[in-house]
Amino acid sequence: MKICDLEKCTSCGVCSTLCPKNAIKLVYNKSGEFLPHIDYDKCIGCNLCKRVCQVNEKVQLKDIQKCFAAWRKNNKKRERSASGGIGTAFAEKIIENDGIVYSAMLDDNEEVSICRITNSTDLNRIQGSKYVYSYVKNTYLEVKQDLESGKQILYIGLPCQIAGLYNSLKGGEYPNLITVDIICHGSVSQLLWKEHVEYLQKKASFSYDNFSFRSNKWDENYHLCFHENGKTVLNLSSWEDEYFTGFLNGSILRDSCYHCEYKQKKRVGDISIGDFIGLNKTELQTADNGNTSVILVNSQKGESFVLSNREEIELVEREINEAVDNGPSLNGNINKYRNKRLFKIFNSIIGFHRANIIVNLWLKILNKLRKIFRRV
């Protein structure tokens, strides 16, 4: 039995979470894809996994209602954030009101996982972009239990993870649930990420308790940085780190990212956040010298929550099309699956690091040839 087209499987894990016989586990295949594996000795053929899978059972998408350019007013708190620091500001608001936050961070096992957060001391661990697919683990079940307590719940994740959450709740309406989807370029398998980290640790011995790819610090923005106890222990720019380069050029993303149904202006979450690409800052009445976030409001509940953060966040309303027309992740998929196929071939033969170097070098040569032929 096949749950869905595995090339489109998002690894959201809702099939495994809801299986009544615990017959489904997500495991890595040889290419590093994290996919469902069925234990047929346990399976009873109920087909619940098929019915809750977002590839088969589409979630209802929302029209964007409002668009804001946004950033934190507190520059110190904004500094380590990838963009305007909006996700952390939202999380702080929830925690202050005795609510519960779910968001991706580096856990105690050095895995990027969506974790349940109930105190402000852990919020610094969710700052900074982590360009790797986070494990959802049991958070869908935890959210359902927490919703029944009546507390306000904030769930921040990739659009496919938010879709998995909605399907796990089976269409139930929860006024105390606020979902925030990240406007996503794509993500990379944790298996490949771990292999890369091990390679870097062999080259330069270091330990770390957090990492980031983006920052409002000029010397850490678009740099892969590892941190320990608040100090940066390794800093690699995007052009000198093979993993970061492969992520940006789209050659090492997960298979489903090339078929993503959420790279469009209809959104899955109550709120969508990301970089405000193409923002004309000269038109802003309030000066902003750092990275700026876009906030897309997709529901009335989302709008009420966004506006409740005005004391902490600078909000400048903009035209929706300014964000959509200039944001690649809001108007179509990455047309680079051929690069991933090339990477897969080399990866199976010579491993992640060497395969990544070869593919990145090939793409650089190809881009230079294109520029030469354009001039001709």
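Predicted model: local features only at pLDDT ≥ 70, side-chain atom pairs only at ≥ 80, totals over all residues.

Colleague: Which helix is largely enclosed by the rest of the structure?
Modeller: The buried residues of this helix include Cys-160, Ile-162, Leu-165 and Asn-167. What covers them includes α1 (14–18), α2 (48–52), β5, α5, β6 (153–157) and β7 (177–182). Because 9 of its 10 residues are buried, the largely enclosed helix is α6 (residues 159–168).

Colleague: Which residue with a positive phi follows α6?
Modeller: The helix itself covers residues 159–168. The residue that follows has a phi near 55°, and it is Lys-170.

Colleague: With which side chain does Ser-134 make a polar contact of 3.0 Å?
Modeller: Ser-134 is found in the loop between β5 and α5, and is buried because its relative accessible area is 4%. Beyond its neighbours within four places in sequence, Ser-134 is in contact with residues including Ala-104, Val-112, Ile-114 and Gln-190. The side chain joined to that of Ser-134 by the polar contact is that of Gln-161.

Colleague: How far apart in space are Ser-134 and Gly-157, C-alpha to C-alpha?
Modeller: In sequence, Ser-134 and Gly-157 are 23 residues apart. In space, the C-alpha to C-alpha distance between Ser-134 and Gly-157 is 8.7 Å.

Colleague: Is Cys-160 buried or exposed?
Modeller: Buried means a relative accessible area under 20%. Cys-43, at 26%, therefore counts as partly exposed. Cys-160 has a relative accessibility of 9%, so the term that applies to Cys-160 is buried.

Colleague: How many residues apart in sequence are the parts that Lys-137 and Asp-107 tie together?
Modeller: The side chains of Lys-137 and Asp-107 meet in a salt bridge, with 3.2 Å from N to O. Lys-137 is partly exposed at 43%, whereas Asp-107 is buried at 12%. Lys-137 lies in the loop between β5 (112–117) and α5 (139–147), and Asp-107 in the loop between β4 (100–106) and β5, so the separation in sequence is 30 residues.

Colleague: Which residue forms a salt bridge with Glu-111?
Modeller: Glu-111 counts as buried because its relative accessibility is 18%. Its partner lies in helix α7 (residues 190–203), while Glu-111 lies in the loop between β4 and β5, so the pair ties together parts that are 83 residues apart in sequence. The N to O distance is 3.1 Å, and the partner is Lys-194.

Colleague: What is the distance between the closest N and O atoms of Lys-301 and Asp-270?
Modeller: Lys-301 lies in helix α9 (residues 300–307) and Asp-270 in the loop between α8 (242–249) and β11 (271–275), so this pair ties together parts 31 residues apart in sequence. Lys-301 is partly exposed at 28%, and Asp-270 is buried at 3%. A salt bridge requires the nitrogen to be within 4 Å of the oxygen, and in this pair the distance is 3.9 Å.

Colleague: With which residue does the side chain of Arg-318 make a polar contact of 2.8 Å?
Modeller: Arg-318 lies in strand β13 (residues 313–318) and is buried, with a relative accessible area of 14%. Leaving aside neighbours within four places in sequence, the contacts of Arg-318 include Cys-67, Phe-68, Phe-276 and Glu-283. The 2.8 Å polar contact joins the side chain of Arg-318 to that of Glu-322.

Methods
Residues numbered from 1 in each chain as written. Heavy atoms only, no water. Buried < 20%, exposed > 50% of the residue type's maximum accessible area, 1.4 Å probe, protein only. Helix = DSSP H or I, 4+ residues; strand = E, 2+ residues; numbered from the N terminus. Polar contact = N/O pair within 3.5 Å; in protein donor to acceptor, adjacent residues only side chain to side chain. Contact = heavy atoms within 4.5 Å.
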